[in-house]
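User: I would like to learn how to read a few features of a protein model, taking each general idea before the particular case. Could we go through them one at a time?

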Amino acid sequence: MKFLPMLWHSGLVSALLLLPLAACSYDPPTLAEVSAQSSAQSQAQSQAQLQAEILTRLETADVVYLAETHDDPADHQAQLEIIQSLDQAREIAIALEMFQRPFQPTLDRYLAGELTEAELIAQSEYETRWGFPWELYAPIMRYAKANQIPLIALNTPAEVTRKVAQTGLDSLAEADLRYIPPLAEIDTSDTDYQDWLRQFLEGHGGPHGGLSFENFFAAQVLWDETMAEGVADYAAAHPDQQVIVLAGEGHIIFDYGIPSRVARRLGADLTQYSVLLHPPDATLTETDDHIADFFWTSAPPAKPE
């Protein structure tokens, strides 16, 4: 994937300098203050231009991945803004890691107005199966309902993922296979992905609970393959709709997780882009350009005067 300029989100930057109106209290700005104001205005304009350019590119994709940090409010605000923009350009659907596949009918009933938001949370078992604060995702869900945008439950049932992490893919019984791809499609052969995940886990104390790395990796790949199958099946059945995928960055970056597995299912004609929201290292270099197609980075909020 080609590295494209990092996007600074202009919505969090104020380019206005408020000055007192009374002449007796007016202090002329210093040269440094004028320079800072000019720089802020220039940066805001540049950010807005980059944002527009990236959104224009995203409009051409069959599938767009918005790679989030689950507990970062800024990531979810960015997701909503991108969704709103793409929704103005074409027909879209939103695919969600946050909901497990058995609860697709629950999402459908919510969209149809048959369930309240509180009933959706309860009947999808959101609190126990996902658990991150609902208000992080609520604006996206409300926007989808208000605009009748299809919602796709992507995730593997937690019971199945947990079983694989503990005892491996071979331990799955027939009853476990209902909401996952055929076992022959669970491809655990990517050694680069294995190495990346192993290094990540070593930096966080390794797999917890005495789990073997092999089983942990198999569970991760099962998660990826299940979500990829959901994306690919929906995209194939609705070729005129763009699928926007909301998932954790670990399932998206480097194409290791969902993107490569969607491409395997849908073929070379597929156009898809990944967006890494608010990458932690703002000095990413050309050697890192395969992490994602686009970086979407917000400047810190202006300090109050």
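User: Which side chain does Glu114 meet in a salt bridge?

Analyst: A word on the source comes before the case. This is a predicted model, in which local features need pLDDT of at least 70 and side-chain atom pairs count only at pLDDT 80 or more, while totals for chains, interfaces and linings use all residues. Residues are numbered from 1 along each chain as its sequence is written, and side-chain values use heavy atoms, with hydrogens and water left out. As for the general idea, side chains of opposite charge can pair when their charged atoms come close. The cut-off used here is a side-chain nitrogen of Lys or Arg within 4 Å of a carboxyl oxygen of Asp or Glu. Glu114 meets the side chain of Arg109 in such a bridge, at 3.4 Å from N to O.

User: How many salt bridges does the structure hold, and which residues are linked in a network of them?

Analyst: The structure holds 11 salt bridges. The network links Glu185, Glu225, Arg261, Arg264 and Arg265. Within it, Glu225 forms a salt bridge with Arg265, the closest N and O atoms being 2.8 Å apart. Glu225 lies in helix α9 and Arg265 in helix α10 (residues 258-266), so the pair ties together parts that are 40 residues apart in sequence. Here helices (H or I, at least four residues) and strands (E, at least two) are DSSP runs, numbered from the N terminus. Another salt bridge joins Glu135 and Arg142, with 3.3 Å between the closest N and O atoms.

User: Where do the buried residues of α3 fall when one looks down its axis?

Analyst: An α-helix has 3.6 residues a turn, so residues three or four places apart point the same way. In helix α3 (residues 104-111), the buried residues are Gln104, Thr106, Leu107, Tyr110 and Leu111. Seen down the axis, these residues fall within an arc of 160°, so they line one face of the helix; the arc is that of the directions from the helix axis to the C-beta atoms. They pack against β3, α4 (117-123), α6 (134-146) and β4 (151-155), where contact means heavy atoms within 4.5 Å.

User: What volume does the largest pocket have, and which residues lie nearest its centre?

Analyst: Rolling a probe the size of a water molecule over the atoms shows where empty space is left. On a 1 Å grid over the protein atoms alone, a pocket is an open set of points where a 1.4 Å probe fits, with protein on both sides within 12 Å along at least five of seven lines, and lining residues have an atom within 4 Å of a point. The largest pocket has a volume of about 870 Å³, the volume being the space filled by probe spheres set on the points, which are joined across faces, edges and corners. Its lining has 33 residues, with His70, Phe216, Gln220, Trp223 and His251 nearest the centre. Two or more lining residues come from each of β3 (92-100), α7 (158-167), α8 (191-202) and α9 (213-237).

Terms used:
Buried < 20%, exposed > 50% of the residue type's maximum accessible area, 1.4 Å probe, protein only.
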